[in-house]
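This briefing goes through one protein chain, topic by topic. Please keep the sequence and the 3D view open while reading.

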Amino acid sequence: MLPLLFALAVDSTLASQIRERIAQVPRAQVAVFYRRLSDGDSLSINADTVYHAASTMKVPVMIEVFR
């Protein structure tokens with residue numbers, strides 16, 4: 001997992017920093033979408049790439065298991 005920090009304003013510098021961090025991991029397949037709620041400014045990297053969503057199902061499944 002890549003520790004991505006969004007401490008800076010959403011701009012080309014932030015996008016460059018994220019791309020550089022992703023490039024440090026050989027064969028990494030990463031998509032990032034970030035939207036600042038205060039003003040709607042956003043950043044997307046590989047937003048159109050399709051990924052298998054199996055990992056996103058773990059949380060709702062475990063919520064139901066624990067109910």
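The points below cover the fold, the core, the strand pair, the surface and the salt bridges.

The structure is a predicted model. The chain has 67 residues, and 16% of them are buried.

**Overall fold**
- The chain holds 2 helices and 2 strands.
- Among contacts with a separation of 6 or more, 36% are between residues 24 or more positions apart.

**Nonpolar core**
- The largest nonpolar core consists of 8 residues: L14, A15, I18, I22, V30, V32, L43 and I45.
- Two elements, α1 (12-23) and β2 (42-45), each give two or more residues to this core.
- Helix α1 provides the largest share, 4 residues.
- In soluble globular proteins, nonpolar side chains tend to be buried together.

**Strand pair**
- Strand β1, residues 32-35, runs antiparallel to β2, and 4 bridges join the two.
- F33 has S44 in β2 as its bridge partner.
- The hairpin of β1 and β2 has 6 residues between the strands, and G40 in this hairpin takes a positive phi near 80 degrees.

**Surface**
- The accessible surface of the chain is about 5,600 Å², and carbon and sulfur atoms account for 58% of it.
- M57, V61, M62, V65 and F66 form a nonpolar surface patch of about 530 Å².
- F66 lies in helix α2, which spans residues 58-66.
- F66 counts as exposed because its relative accessible area is 70%, and the cut-off for exposed is over 50%.

**Salt bridges**
- The chain has 3 salt bridges.
- R36 pairs with D39, with N and O 3.1 Å apart.
- R36 also pairs with D41, where the closest N and O atoms are 3.0 Å apart.
- Together, R36, D39 and D41 are linked in a network of salt bridges.
- D41 has a relative accessible area of 29%, so this residue is partly exposed.
- A salt bridge also joins E64 to R67, the closest N and O atoms being 3.1 Å apart.
- Are E64 and R67 exposed or partly exposed? E64 is partly exposed, at 49% relative accessibility, whereas R67 is exposed, at 73%.

Technical notes: Residues are numbered from 1 along each chain as its sequence is written. Side-chain values use heavy atoms; hydrogens and water are left out. A nonpolar core is a set of buried Ala, Val, Leu, Ile, Met, Phe, Trp, Tyr and Cys residues joined through side-chain atoms within 4.5 Å. Buried means under 20% relative accessible area, exposed over 50%, partly exposed in between (1.4 Å probe, protein chains only). Two strands pair if DSSP finds at least two bridges between them. Contact means heavy atoms within 4.5 Å. Accessible areas come from the Shrake-Rupley method with a 1.4 Å probe; for residues, only the protein chains shown count as cover. Patches are made of residues with over 30% relative accessible area and no salt bridge: like charges are joined within 9 Å, nonpolar side chains (Val, Leu, Ile, Met, Phe, Trp, Tyr) within 5 Å. A salt bridge is a side-chain nitrogen of Lys or Arg within 4 Å of a carboxyl oxygen of Asp or Glu.
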